[in-house]
Amino acid sequence: MTKSLTCVAVMLLAGCATVPPDHHVLARRDVAADLPSSIHLAAEGWPDANWWQAWHDPQLDALIAGGLKGAPSLDVAATQIGAARAALSRTHADTGLSTALTASASRQRYSGTGLFPAPIGGAYYTGETVRVEARYDFDWWGRNRAQIAAAAGEVNARNASYAAAEQALAAAIAQSYFSLQGDWARHANLEQLIATQRDRIATYDRRVARGLGNSLDRQALENDLTLMEKRLAEDATAAAQEREALRALLGAGNAALADLKPVPLQPTAHALPARLGIELLARRPDLQAARWRVEAALSRIDAARAAFYPDVNLTGAVGLDTVSLSHLLEANSRTLFVGPALTVPLFDSRRLSAQLEGARSERNELVAEYNQAVVNAVRDAAQDGAALQGIEAQLERQARADAGAAALLAATETKLARGLADRAALLDARAGLLRQRDDTLALHQLQALAEVALIRSLGGGWQAAPARDTTAPIDASDPAPATMMHVQAGGNDHTPSTIPN
């Protein structure tokens, strides 16, 4: 008997699958190593979650609130969250203690020439069974915990993806709105410039009638007027297109923007310190989504590795069994069974190795995507920060040009009042001021667009919600996706120090 048991043990050990080593582990990028020190971006705490309120524009607030409430572009992200949460609930339900109640009844005739002699042989008997079965999975190697952690990571990733979709939508609405307001402002300024240009032509006609001008100069003024009118039509077309783009972002009907009115673009007050902090990029939900996908992949590797080891579960059953319905509820009809169940992966190394290699390959793919997301985040923040700084530098110089044009107009008006200048000089100065104002309006429009782009690059003020307990299944009555509840994946010890938390 001892020799036989020894042989069986040796065969079991020989047949057990061995975990292959992991020779190719793709390293994750360190965000801090990629941050440019020359770019000055926002201080901690900026932007706020409702960053668009910094413009103090009720129209913009209403548009973004309406877009986030019912835009079709968020439906896909919301359904993906539901699917991930259902998978997490299913994974929870498959672990720990499982019970089942079974009941059966059958009628059978035993063969008269078979194993059982008379009176059993050749007779009919009815069998009734009522049994409660229970099975407990001890999860010795953490396979179930790893599967739960992977499912929780997917929920976190979907929540972060929903936040990213919300941010993208809010930023698109704000940029479309600012583009429309900028087009309207420049259109109104151009109308004033055209009126001034027509005044200049009328004034020049009077000078020509007195023999003080020539037709070539007048033709040049007419050509400028034609170009202005052409640009006026282009601006009207651009405004109409931007209005339709805004309507499409909102998923609204034709009457949704009927009350939208032109308002002056006001630059926001933001702080720009001398460093780009890692905690700012950590607020980007797309980075967090990529990070959680990596975490889920690491947990799936743990689950695939645990499949190589023997699994011991405890199974038990208690019930009633009888061949006569009249005796079913008697104490003598009770049955009881309890015992362990051992599962050993014998001669299965190829299949298990393939599963583990697939999980490792998925991890490397997701790490590569995370690394690329880090590069994209740093690039976006650096480019948008540099663009905003450049526009603000242009605005400083443009302010001097505006002041100069305004001073020239004021001086010309003073000279005209004293009889030292004519109306033509006054109209020339006024046209010069309107042209400078057009450049200022264009820069304010670009500044608003650049600020929104920078806000989106910095995560739009998004913050991870407090971690929730995953020891119990997800309830269908949990808060809506917009609450951004994060599910903390328990049992996963692979949290990388280089990934922002």
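A: What follows is a walk around helix H5 and its partners. Keep in mind that this is a predicted model.

Let's start with H5 and H8. Helix H5 covers residues 143-209 and helix H8 covers residues 285-306, and their axes come within 8 Å. The two cross at roughly 165°, and since anything over 145 counts as roughly antiparallel, H5 is roughly antiparallel to H8. The crossing of H5 past H8 is left-handed. Sorted by class, this contact holds 13 nonpolar, seven polar and seven charged residues.

Next up is H6. Here the axes of H5 and H6 come within 8 Å as well, with a crossing of roughly 160°. That angle makes H5 roughly antiparallel to H6. The H5 and H6 crossing is left-handed. As for who sits in the contact of H5 with H6, you get 22 nonpolar, four polar and 15 charged residues.

Then there's H10. H5 packs with H10 at an angle of about 175°, and the axes are 9 Å apart. So H5 is roughly antiparallel to H10. The class breakdown for the contact of H5 with H10 is 16 nonpolar, 10 polar and 13 charged residues.

Now for the nonpolar side of the story. The largest nonpolar core has 29 residues, and the members that touch the most others are Trp51, Leu60, Leu63, Phe178 and Leu260. At least two residues of this core come from each of helix H3 (58-70), helix H4 (75-93), H5, helix H6 (215-250) and helix H10 (423-457). H5 gives the most to this core, namely 10 residues.

Skipping its neighbours within four places in sequence, leucine 60 is in contact with Trp52, Trp55, Ala174, Tyr177 and Phe178.

Note on methods: Residues are numbered from 1 along each chain as its sequence is written. This is a predicted model: local features need pLDDT of at least 70, side-chain atom pairs count only at pLDDT 80 or more; totals for chains, interfaces and linings use all residues. Side-chain values use heavy atoms; hydrogens and water are left out. Axes are lines fitted to C-alpha atoms, for helices over the stretch in contact, and angles run from 0 to 180 degrees between N-to-C directions. Helices (H or I, at least four residues) and strands (E, at least two) are DSSP runs, numbered from the N terminus. Angles under 35 degrees count as roughly parallel, over 145 as roughly antiparallel, 65 to 115 as roughly perpendicular and the rest as oblique. A crossing is left-handed if the near helix is turned anticlockwise from the far one by less than a right angle, and right-handed if clockwise. Ala, Val, Leu, Ile, Met, Phe, Trp, Tyr, Cys and Pro count as nonpolar, Asp, Glu, Lys and Arg as charged, and the others, Gly among them, as polar. A nonpolar core is a set of buried Ala, Val, Leu, Ile, Met, Phe, Trp, Tyr and Cys residues joined through side-chain atoms within 4.5 Å. Buried means under 20% relative accessible area, exposed over 50%, partly exposed in between (1.4 Å probe, protein chains only). Contact means heavy atoms within 4.5 Å.
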